Structure formats: C-alpha cells, structure tokens
Amino acid sequence: MTTDGDFSEAGRKRIADFYSTRDGQSERIAQRIAACLCDSGATTALNRLTQSGQPTSDAQSCAIVAILAVRYGRILPEAAEFLALYASREHAPPLALAVVNLVARDKSRRTPQTNPYLRKTLARYGLRPALATAFAGRLNYPKYGFFDKQIIRLIMAMTGGVADGYSDIDYTDLAQVDDFAAEIVALAQRSPGPKLLSRP
Ligand SMILES: Cc1cc2nc3c(=O)[nH]c(=O)nc-3n(C[C@H](O)[C@H](O)[C@H](O)COP(=O)(O)O)c2cc1C
C-alpha cells in the first residue's frame with residue numbers, strides 16, 4: 001500500500017540537494033547525504049550552486065537540502081542568492097540547511113545558537129529551516145595561497161586549533177552527516193510535497 005509518507009515505488013519522495021563550495025568539502029558532504037537519501041528510497045537531484053544563475057530543479061520536491069561552505073565569516077555569494085530567493089518564495093518546500101566551517105570542529109558549536117555563521121545566516125534571510133546544523137570542514141594549508149593561509153592560521157590560533165601552516169586535516173564528522181541525512185528522510189516522509197500544499 002502507498003501512503004503520502006512512504007518511499008515505496010509509487011510514492012517516492014523527491015528531495016533537491018544543493019551545495020556551494022570552493023575547495024570541495026561541501027560537495028563531498030552533499031554527495032554523501034544524497035547517497036544516504038537514495039539508499040532510503042528517495043529520488044535526489046544534486047545541484048551545485050554557481051555565480052552564473054541558480055538551478056531550479058527543486059520543482060516537485062518535498063524537501064530542499066542546502067550544504068553551504070563558509071569563507072571569511074559568511075556563506076558564498078551564490079549561496080546568499082539562493083537563500084534570498086528561497087526566503088522570498090511563498091510555498092517553498094521545507095529546508096534542511098547546513099553550513100560548513102572550521103569553527104564547527106568543536107562539537108559544541110554546531111547549532112543555530114552556538115555556530116556564529118549559522119546564526120548570522122538564519123537572521124540575515126529571516127529563515128526558519130526545518131533542520132539546521134553546522135558541519136566541520138577541512139583544513140588544507142597546502143592548498144591555500146599566502147594571504148588565505150595567514151587568515152586561516154589566525155582563525156585557528158584564535159580558536160585553539162592547528163595553526164602550523166602545513167597540515168591537511170578533514171574534520172567532518174561523518175556520523176553527524178549521516179544523522180542529518182536520516183533527519184532529512186524523516187522530514188521528507190512527513191512532508192506532503194508541493195502538489196498537496198497547493199490543494200485548496
Ligand atoms: C579563504 C578561506 C576562508 C575561510 N574562512 C573561514 C571562516 O571565516 N570561519 C571558519 O570557521 N572557517 C573558515 N574557512 C574554512 C572553510 O569553511 C573550510 O575549509 C570548509 O571545508 C570550506 O568548504 P569547501 O571545501 O566546500 O569550500 C575558510 C577557508 C578558506 C580557504
């Protein structure tokens with residue numbers, strides 16, 4: 001039997017998975033989430049946000065996932081554009097939002113209350129996502145140019161982290177990513193989807 005809430009063949013839920021990245025870590029996280037969603041029986045479209053126009057493939061989705069890298073204290077311009085557009089929509093599907101940054105390597109700094117970038121982003125766009133978290137990103141000094149390296153060293157030193165200028169450390173907590181994916185599945189199961197939302 002098919003119900004609105006299950007992922008059986010006729011009732012497969014469509015979930016749109018967006019990400020913005022410069023160095024690739026947010027893409028890896030978004031890919032892992034997409035794989036978890038597919039394993040749960042959902043249909044998922046993975047979309048990279050770019051500065052040359054936003055994809056619009058969330059039509060008919062019952063949830064939207066956004067995995068957004070942080071640089072210099074804020075999300076990337078294409079992500080800002082995406083969230084502004086989302087915030088302006090009247091019947092947008094529920095949002096599962098995650099920001100990726102190094103402050104979140106501290107487990108206690110991964111919530112809307114404790115992660116400064118997540119808190120600022122929600123306030124700036126007046127968003128009330130169904131799910132919101134911060135994932136720790138990757139520290140990759142060999143990849144950074146001179147200027148970026150000095151800034152990251154400063155951020156790391158200020159937060160008691162590795163400031164040596166040569167380490168490459170992946171801080172992403174994969175169990176946290178998988179838990180977030182499971183929460184998205186539960187959200188999609190609860191969501192009636194856009195067709196039902198537009199019924200009188
Ligand atoms: C130029 C630059 C600026 C960054 N600024 C911040 C920052 O302000 N706060 C922070 O916590 N992490 C900061 N980071 C760390 C990134 O958020 C982290 O490397 C993340 O994995 C980047 O995501 P991406 O690989 O998807 O681009 C910065 C990294 C770079 C290279």
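1. Leaving aside residues up to four places away in sequence, R110 touches A104, R105, N115, L118, T133, A134, A136, D173 and Q176. Please keep in mind as you look that this is a predicted model.

2. Where does R110 lie? Its place is the loop that links strand 5 (95-101) to helix 3 (116-125).

3. Is R110 buried or exposed? R110 has a relative accessible area of 10%, so it counts as buried, the cut-off being under 20%.

4. Turning to the ligand, you will find it in the largest pocket. Helix 1 (25-39), strand 3 (63-71), strand 5 and helix 4 (146-158) each give two or more residues to the shell around the ligand. That shell holds 22 residues, and the closest are T21, S26, V70, Y117 and R138.

5. A polar backbone atom of R22 is 2.9 Å from a ligand oxygen, and one of V100 is 3.3 Å from an oxygen atom of the ligand. For Y72, a backbone N or O atom lies 2.9 Å from a ligand nitrogen.

6. Finally, how much of the ligand does the protein bury? Taken alone, the ligand exposes 630 Å², and the protein buries 98% of that.

Conventions. Residues are numbered from 1 along each chain as its sequence is written. This is a predicted model: local features need pLDDT of at least 70, side-chain atom pairs count only at pLDDT 80 or more; totals for chains, interfaces and linings use all residues. Side-chain values use heavy atoms; hydrogens and water are left out. Helices (H or I, at least four residues) and strands (E, at least two) are DSSP runs, numbered from the N terminus. Buried means under 20% relative accessible area, exposed over 50%, partly exposed in between (1.4 Å probe, protein chains only). Contact means heavy atoms within 4.5 Å. A residue is near a molecule or strand if one of its heavy atoms lies within 4 Å of it. A polar contact is a pair of N or O atoms within 3.5 Å; within protein, one must be able to donate a hydrogen and the other to accept it, and residues adjacent in sequence count only if both atoms are side-chain atoms. Accessible areas come from the Shrake-Rupley method with a 1.4 Å probe; for residues, only the protein chains shown count as cover. On a 1 Å grid over the protein atoms alone, a cavity is a set of points where a 1.4 Å probe fits but cannot get out, and a pocket is an open set with protein on both sides within 12 Å along at least five of seven lines; lining residues have an atom within 4 Å of a point. A molecule sits in a cavity or pocket if more than half of its atoms lie within 2 Å of its grid points.
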